[in-house]
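Student: Please take one part of this model and look at it closely. I would like a surface feature, and then some sense of the chain around it.

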Amino acid sequence: HHYDEPLFYYRQYPNRILLIKPPRFIIAEFYFTDSYGQSKQAGVTIDVTQAPLTVSATPASATVYTKATATSTLAVSEAEHPEQFTVGATIAGSGSLTINGSPVGSGGSVSVNGGNSSIGYTPATAGQHTITLNVSDAHGQTQATTFTVTANEPEIEASVTSASTYKSMPREIVLNIDKPNYTGSFSTTIQQSGNGSLVFSG
């Protein structure tokens, strides 16, 4: 027979009764008295603790250009409790964070399943950015891990095709300018030496 009560419950077997009371499991075995009046009773207590919550970010750090996305994997596990967890984020720096593709602002949170979750952080400015992830379970346990992103401003890449020509014969010179993750315009200043005319277009 099985009887549920708020604080503990019983399981009765032919020769014993199992009393279970969270967070301790108390097992008491009751033996029947024989015809000679002899009896025997034995008990054992098993202490039960909450399975630990483990959290990590791999890699724990990354270096990228500004406006490029650094990625990491958030691993969350708790033995015997493959349930959902709440991940709260605190961001020290200017940038945008996603967890499993969902945007999460500083001070915000998202629910994840146990196992691996993807982290993406895109820094808006150069410098060091620290993302602290606080993971909590349904039992009140909390563990934190950090993902540190170092963002560098990319340098301008420029090159000019070499050119030679005859006197009074025009020749095109190609100027190549690039900067990773940069979508703005460039301000160009031309300094010329020697006799001749130079026309800039582009």
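Tutor: Helices (H or I, at least four residues) and strands (E, at least two) are DSSP runs, numbered from the N terminus. Strand S16, for example, covers residues 157–160 and contains Val 160. The model is predicted, so local features need pLDDT of at least 70 and side-chain atom pairs pLDDT 80 or more, while totals for chains, interfaces and linings use all residues. Residues are numbered from 1 along each chain, and side-chain values use heavy atoms, without hydrogens or water.

Val 160 is exposed, at 54% relative accessible area, because exposed means over 50%, buried under 20% and partly exposed in between (1.4 Å probe, protein chains only). Val 160 also belongs to a nonpolar surface patch of about 510 Å², together with Ile 156, Ile 173, Leu 175, Ile 177 and Phe 186. Patch residues have over 30% relative accessible area and no salt bridge, with nonpolar side chains joined within 5 Å and like charges within 9 Å. A salt bridge is a Lys or Arg side-chain nitrogen within 4 Å of an Asp or Glu carboxyl oxygen.

Now the chain as a whole. It has 17 strands and zero helices, and 22% of its 202 residues are buried. Five strands make an open sheet with mixed pairing, in the order S7-S15-S14-S9-S12. Its edge strands, S7 (61–65) and S12 (109–113), each pair on one side only; pairing takes at least two DSSP bridges. Within this order, S9 (residues 84–92) and S14 (residues 127–136) pair antiparallel over seven bridges, and Ile 91 stands opposite Ile 131 in S14.

Methods. Areas by Shrake-Rupley, 256 points an atom, 1.4 Å probe, with all protein chains shown as cover.
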